[in-house]
Amino acid sequence: MLSVVGLAARPGLTVAAVTCSPLGGRHGAGWSPPEGHAAYRLVLVRRGRFRRRVRGQVADLDPSVGYLGLPGDEEHFAHPAGGDVCTSVQIGPALWRALTREEPGPSLTGGGPAGHAVYVDARVDLAHRRLVRAARAGDVEHAVVERLVALLAGVVRTPDLREPPHHDLALVARAREAIRADDPAAGGLLPLAALLGVSPFRLSRAFSRYLGVPVTRYRNRVRVERALDRLEAGADDLAALAADLGFADQAHLCRTMRQHLGEPPSAVRRLLA
């Protein structure tokens, strides 16, 4: 079952929370009938994962990989992992041009073969959360548009993910799943490669080619995402947070968040307040 809850709207712009229920969910593991849209759509995943196919190219989507849908795209979706929760930002062509005319980039000029999938780094993740909070507060003309501009500035400068050979795409998907599931083998490149039955060299090369970041940075990006979840929910004991998320200590958590966000946890908490 698909549920769409509008969060904010103005001419040429809507922000909505989209929930796909795992019960009777949209076509399950199979592909949906084709869907088309007249607007630009930025879709970022809050929880869960699903698959999207455009022009025969498939992207596995989760909180670290979202997509930019262009007008006229014919999309198919599959939900082999059950439910998911996303933020869908629909932008009319005129507003899109107004918002992005000073931001030329790969996502604006035709996109890549992977269906305009984009890597969502920690800064884009934080901008996404701040957009949702602004939308729920109701100040569409100022706060929402301002947060949207910040979000798009991160997204349009992120190259579309280039799809590797099919066997490497499946390998990257399995590696991402192991990392996000906290598989014990995901604690290091060597045990993760052994778990997946490939050499560390092949895993590292496939991962960097597709996502543009090494395995270690991706693993830390996932941990920063979880730290953002906890800070957004009101966590204030940073030492306990660091221990829960597998950091060596509070200082390690702070260093990692600075590296990924440019801000320490205390500043991030204020941004999400």
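How many bridges join strand β4 to β7?

## Basis of the description

This is a predicted model, in which local features need pLDDT of at least 70 and side-chain atom pairs count only at pLDDT 80 or more, while totals for chains, interfaces and linings use all residues. Residues are numbered from 1 along each chain as its sequence is written, and side-chain values use heavy atoms, with hydrogens and water left out.

## The open sheet

Strand β4, residues 50-54, is joined to β7 by 4 bridges, and the two run antiparallel. Within this pairing, R51 has A78 of β7 as its bridge partner. Strands here are DSSP runs (E, at least two residues), numbered from the N terminus, and two strands pair if DSSP finds at least two bridges between them.

The order β5-β4-β7 describes an open sheet of 3 strands with antiparallel pairing. Its edge strands, β5 (57-61) and β7 (75-78), each pair on one side only. From one strand to the next, the twist averages 25° (axes are lines fitted to C-alpha atoms, and angles run from 0 to 180 degrees between N-to-C directions).

## The cavity lining

The residues that line the largest cavity are L44, V45, R46, P63, V120, D125, H128, R129 and E225. A lining residue has an atom within 4 Å of a point of the cavity, a set of points on a 1 Å grid over the protein atoms alone where a 1.4 Å probe fits but cannot get out. At least two lining residues come from each of β3 (40-48) and α2 (122-137); helices are DSSP runs (H or I) of at least four residues.

Technical notes. On a 1 Å grid over the protein atoms alone, a cavity is a set of points where a 1.4 Å probe fits but cannot get out, and a pocket is an open set with protein on both sides within 12 Å along at least five of seven lines; lining residues have an atom within 4 Å of a point.
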